[in-house]
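Colleague: I would like to learn how to read a protein model, one feature at a time. Could you take me through this one?

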Amino acid sequence: MTIPPAPAPLTYHRLARLSLSHRWWRPVTGTLFVAVGWVLLLGLLDLSLSGLGALKGYPEGPDGWVEFGPVTGTAVDLLLIATAIPVVLLAVRWIGRRPAGTASSVTGRLRWRLLGSCVLLALPVLAVSACVLLLVPGVSEPPSRWAGFDVFLPALAMLVVLVPLQAAAEEYVFRGWLLQAAGAFFRSPWIAVLPQAVLFAAAHGWGTAWGFADLTVYGVLAGWLTVRTGGLEAAIGLHAVNNLLAFGLSAAVVDGLKSDETAADATWQIVAVDLAGAAVYALAVLWLVRRRPLARTAAAPVPAPPDAPWPPVPFPGATLGFPNAATGFPGFAAGREPAGYLAAPAAPVPYAPSAPHPYAPGGQADGPGPLEENGHGG
C-alpha cells in the first residue's frame, strides 16, 4: 500500500485548515458568529452597566445613556471591547473545531516571553514617536491644564489593566479570526492580510482620508508581522503600547479622556510620524526573531490511513499457502500483499502438530538429544 507524502506545514494564516473537520462553510459561519455574538454581548453588558449606573445615581446623558464620567466611562468602553476575546476563542473551538489557542499562535498558546520582548521593543520606539508629535508644528493641540496626580494615577492604573485587553481583543478579531478565515480560502498571505486591514480601518469610523490610510497600512503591517512571527504577540505588543501612550497622555490633562477623536481623525503629519515608528518597530521585531528562532508553522493534520482489507477465503476448507513471487497472496496481485497478513502453512514443517517432536512424549525415546550430541548435555 502506497503511503502518501506528509502535507506541508501550515503558516498562521492557514490554521483554519488545522482541523480534520474543516469545511468551506466553517470560516463563514464563524465570522457571522463573531459579529453577531459580539454585538449581542455588547448590548447585554451595556444595558446591564447602564442599569447599574442609574441605580448608583450617575446622571443621564443627552443620548439617553448613563454618563459614568471620563475615567469610569473609558473603563467601561475598554471592558466592552475586551469581551471580543472569549467570543473569538469560542468561535475557533466550537465552529472551527480546533484548539482555541491556535488563534494566538502556531504553538497553540500565547507566547508570553515573545510578547514581553515585543512590548520592550515598542516602548522606546513609540515613546520617541510621541515626543516627535509634540514637537511638530501644527500637530500638537494647545496646552492643557495638568490633571494632578490624584486624578492621573488612578486613571493610569485603570489603563494599564484594561488597555492591553482592549488592544488584544482587536488583534484577536482582525489579525486573529478574520486573517485566518481569509487564509482558509487563499494560500497567499498577502491576499489574506488585506481584507482584515480594510475592515480594521472601517471599524474605527470615517474621519479623514489620511486617518483611514494610516489605519489600513497599520493593519497590513500588523497582519504581516503576525504571519511572519507565527502569532499575535508582535501585533498585540505594538497595539497595546501605542494605545497606552495615547490614553495615558489624554489622562494627564483635565478632561483629556472625554475627547471623541480617534486615529481615524489623524492628519498627514500624524500619519507620517505614526507609520515611521511602526516601521522601525517592525524592523526591530525582525531583528529579534532572527536572533531568537521561533516556530512559524504548525504541522498539518494527517488523516488516519484506511484499514487494510482482509482477503476472503475462496471456499470453505481452502488452504492459504505462503506467498511467492509468482502467485502472491490469494486474491491479491503479486507484490500487493496486505500488511499484517498471516498465512497458514500448506505443508508440514518441523515441530508442527502434524509432525511430533522426536523427543517429546510419545515420540522417539532413544537416541541422544541435540545438546547431548555436542557433549553439553546434563
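This is a predicted model: local features need pLDDT of at least 70, side-chain atom pairs count only at pLDDT 80 or more; totals for chains, interfaces and linings use all residues.

Colleague: How many helices and strands does the protein have, and in what order do they run?

Modeller: The secondary structure comes to 10 helices and two strands. Starting at the N terminus, the order of elements is β-α-α-α-α-α-α-α-α-α-β-α.

Colleague: What share of the residues is buried?

Modeller: Of the 378 residues in the protein, 38% are buried. There is also a figure for contacts. Among those between residues at least 6 apart in sequence, 76% join residues at least 24 apart.

Colleague: Now the charged pairs. What is the general idea, and how many salt bridges are there?

Modeller: Side chains of opposite charge can pair when their charged atoms come close. In this model a search of the whole structure finds three salt bridges. One of them joins the side chains of Arg111 and Glu233, with an N to O distance of 2.9 Å.

Colleague: Are Arg111 and Glu233 buried or exposed?

Modeller: Both Arg111 and Glu233 are buried.

Colleague: Which residues form a salt bridge at 2.8 Å?

Modeller: Glu171 and Arg175 do, through their side chains, at 2.8 Å from N to O. These residues sit in helix α5 (residues 149-183), and because they are four residues apart there, about one helical turn separates them. Glu171 is buried, and Arg175 is buried too.

Colleague: And where does Lys258 come in?

Modeller: Lys258 forms a salt bridge with Asp255, and the closest N and O atoms are 3.9 Å apart. Lys258 has 52% relative accessibility, so it counts as exposed. Asp255 counts as partly exposed, because its relative accessibility is 45%.

Colleague: Next, helix packing. How do I describe two helices that lie against each other?

Modeller: Two packed helices are described by the angle between their axes and the distance between the axes. Take α5 and helix α7 (residues 209-229): they pack at an angle of about 60°, and their axes are 11 Å apart. The crossing of α5 and α7 is right-handed.

Colleague: Which residues make the contact between α5 and α7?

Modeller: From α5 they are Glu171, Arg175 and Leu179, and from α7 they are Tyr218, Gly219, Ala222, Gly223, Thr226 and Val227. By type, the residues of this contact divide into four nonpolar, three polar and two charged. Glu171 and Arg175 are also the partners in the salt bridge at 2.8 Å.

Colleague: How many disulfides are there?

Modeller: The search of the whole structure finds zero disulfides. Cys118 is buried, with a relative accessible area of 0%, whereas Cys131 counts as partly exposed at 46%.

Colleague: What should I look for in the backbone angles?

Modeller: Most residues other than glycine have a negative phi, and most peptide bonds are trans. Arg97 is not a glycine, yet it has a positive phi of about 55°. Arg97 is found in the loop between α3 and α4 and is partly exposed, with a relative accessible area of 46%. Asp255 also has a positive phi, near 60°. Asp255, the partner of Lys258, is found in the loop between α8 and α9.

Colleague: What does Leu257 touch, beyond its neighbours within four places in sequence?

Modeller: Leu257 is in contact with Pro70, Val71, Thr74, Phe247, Ser250 and Ala251. Leu257 is found in the loop between α8 and α9 (268-291), and at 14% relative accessibility it counts as buried. The C-alpha atoms of Leu257 and Ala155 are separated by 9.4 Å, although the two residues are 102 residues apart along the chain.

Colleague: Where is Ala54 found?

Modeller: Ala54 is found in helix α1 (residues 25-55). Ala54 is partly exposed, with a relative accessible area of 47%. Ala54 and Trp65 are 11 residues apart in sequence, and their C-alpha atoms are 9.2 Å apart in space.

How values were computed
Residues are numbered from 1 along each chain as its sequence is written. Side-chain values use heavy atoms; hydrogens and water are left out. A salt bridge is a side-chain nitrogen of Lys or Arg within 4 Å of a carboxyl oxygen of Asp or Glu. Buried means under 20% relative accessible area, exposed over 50%, partly exposed in between (1.4 Å probe, protein chains only). Axes are lines fitted to C-alpha atoms, for helices over the stretch in contact, and angles run from 0 to 180 degrees between N-to-C directions. A crossing is left-handed if the near helix is turned anticlockwise from the far one by less than a right angle, and right-handed if clockwise. Contact means heavy atoms within 4.5 Å. Ala, Val, Leu, Ile, Met, Phe, Trp, Tyr, Cys and Pro count as nonpolar, Asp, Glu, Lys and Arg as charged, and the others, Gly among them, as polar. A disulfide is a pair of cysteine sulfur atoms within 2.5 Å.
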